Amino acid sequence: MDYQEYVELREYFVKLIEEKNLKELKQVVSEMNVVDIAEVIEDLEDKQMLLVFRMLPKDMGSDVFSYMEMYNKKRIINSITDEELHSILDELYFDDMVDVIEEMPANVVTKVLKKAPADRRKLINDFLRYPEDSAGSIMTIEYVSLKPEMTVKEALDYIKKVGIDKETIYTCYVENEYKMLIGFVSLRTIVTSDETQIIKNIMEEDVIFVTTQDDQEEVADIFTRYGYLALPVVDQEHRLCGIITFDDILDIVEAEATEDFHKMAAVAPSDDEYLDQSAWQLAKNRIPWLLILMISATATTAIIGRFDALIAQYVVLSSFIPMITDTGGNAGSQASTVVIRAMATGEIGFGDGLKVIWKEIRVGMIAGATLGLANFFRIWLFTSNGPLLAGMVSVTILFTVLFSKLLGALLPILAKKVNLDPAIMASALITTIIDSLALMVYFLMAEAFLGI
């Protein structure tokens, strides 16, 4: 659904509600995709959103609820009865239900757990104890598990019996009598095999898995590398605890990418939507880094102060400062962005540091020489300055670009080595560091060329 369709649907919903034409409204939503319904009603007023939501059939309502942003899920929860809430939660997949419960107020969680069966209550409490952002916290228990001694016919009958309630049936996992993961088998293999075949004979024993304590970002990397639809999660005893499906990983990849973008822009990451945050929250996330960068920029002031006499004697030098610092900052940002992305995709690691340095030296020499040469002719031919000053500025550009490329590539790798997020070494911080370096190179070159 594009933006224009979204606007038209939202206005149509509001029109039908205001006209009290609820019969037509119910007919319209019953024919829509649940994702589109969630997108439209999230921007309605509380009463209007609740009215549309209550019109949905039970199973459709839970699907719409699962696609809504957490902020809007809370709006629904705060407006419905306990019975309605339990009805929604019962229809959700287990991992989605746990995600909702984690965001509920303590008194609501207590009510939910109190009414849940003992075995389900234990499972919920177990999930809530997993560390935030761990594989255990995002896995689901809705998977198909088979026994190695089953025949293909028995496996198919079992899948038909339980598959309707499972999040995925395309990959089935094989457990032994102690619930230890010993293999997996695809639905395609089961369907195309002879009915008398034993699961043990057709399963794959080389299983890629993660543990409940693994970080979700590492899990996302494994999904990206192997292209799986689902990934099993085991505990320290190698017992199968659950699976993570690709749709959950898509959410994780989006969240991690958003977090990296925030860090690269020197903004403290936040899980809340932009429009859901107040001006104070947004400012609070930005001010700390702005203060750090502002204070660190005092090094630039100190360098300029150190060469006050030189600038007083050759005032023209001050006119080239913005160009040199901007060029250095841009060159460093290019290198850091490319390297950070390559590290995020697993293309390079700390062991590739020397290769990266050698490559960026060559890139810096080529880019620096090109920019320096173009700058030389620009200054000499189109300004009143002579070739000596043009040469000095051009050589400064060459070394500034070279050093900026090296720092831009090296700092993210070093950050990763000391367990810092490489994203913090992006544009804003790199530019601040390189400004000081560029000015130092510039004034030292000026002293050398001008014979001071």
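**Helices, sheets and selected residues of a predicted model**

Threonine 301 lies in helix 18, which spans residues 298–306. The model is a predicted one. With a relative accessible area of 56%, threonine 301 is exposed, because the cut-off for that class is over 50%.

The protein is divided into domain 1 (3–128), domain 2 (143–265) and domain 3 (279–450). A distance of 51 Å separates the C-alpha centres of domain 1 and domain 3.

A second residue considered here is asparagine 385, found in the loop that connects helix 21 (353–382) with helix 22 (387–417). Asparagine 385 has a relative accessibility of 18% and therefore counts as buried, the limit being under 20%. Its side chain is joined to that of threonine 383 by a polar contact of 3.3 Å. When neighbours within four places in sequence are left aside, the contacts of asparagine 385 are with Val316, Phe320, Ile379 and Trp380.

Two packed helices are described by the angle between their axes and the distance between the axes. For helix 4 (residues 46–55) and helix 6 (residues 70–77), the axes come within 10 Å and cross at roughly 80 degrees. Helix 4 and helix 6 are therefore roughly perpendicular to each other, because angles of 65 to 115 degrees fall in that class. Helix 4 contributes Asp46, Met49, Leu50 and Phe53 to the contact, and helix 6 contributes Asn72, Arg75 and Ile76.

Sheets were examined next. Strands of a sheet pair through backbone hydrogen bonds, either parallel or antiparallel. Strand 1 and strand 2 (residues 171–175) run parallel and are joined by two bridges. Within this sheet, leucine 146 is placed opposite valine 174 of strand 2. Strand 2 is largely enclosed by the rest of the structure, because five of its five residues are buried. Both of its faces are covered, with Thr171, Tyr173 and Glu175 buried on one side and Cys172 and Val174 buried on the other.

Another open sheet has three strands in the order 4-5-6, also with mixed pairing. The edges are taken by strand 4 (210–211) and strand 6 (240–245); each has a single partner strand, so one side of each is without a neighbour in the sheet. Helix 15 (residues 216–226) packs on this sheet and touches strand 4, strand 5 and strand 6. The direction of helix 15 makes about 140 degrees with that of strand 5.

Strand 4 and strand 5 run parallel and are joined by two bridges, and valine 210 is opposite valine 233 of strand 5. The pairing of strand 5 (residues 230–234) with strand 6 is antiparallel and extends over five bridges. Alanine 230 has threonine 245 of strand 6 as its bridge partner, while valine 234 is opposite leucine 240 of strand 6. In the hairpin formed by strand 5 and strand 6, five residues lie between the strands, and one of them, histidine 238, takes a positive phi near 65 degrees.

Strand 5 is mostly covered, as five of its five residues are buried. On one side of strand 5 the buried residues are Ala230, Pro232 and Val234, and on the other they are Leu231 and Val233, so that both faces are covered.

Terms used:
Residues are numbered from 1 along each chain as its sequence is written. This is a predicted model: local features need pLDDT of at least 70, side-chain atom pairs count only at pLDDT 80 or more; totals for chains, interfaces and linings use all residues. Side-chain values use heavy atoms; hydrogens and water are left out. Two strands pair if DSSP finds at least two bridges between them. Helices (H or I, at least four residues) and strands (E, at least two) are DSSP runs, numbered from the N terminus. Contact means heavy atoms within 4.5 Å. Axes are lines fitted to C-alpha atoms, for helices over the stretch in contact, and angles run from 0 to 180 degrees between N-to-C directions. Domain bounds come from an automatic or database domain assignment. Buried means under 20% relative accessible area, exposed over 50%, partly exposed in between (1.4 Å probe, protein chains only). A polar contact is a pair of N or O atoms within 3.5 Å; within protein, one must be able to donate a hydrogen and the other to accept it, and residues adjacent in sequence count only if both atoms are side-chain atoms. Angles under 35 degrees count as roughly parallel, over 145 as roughly antiparallel, 65 to 115 as roughly perpendicular and the rest as oblique.
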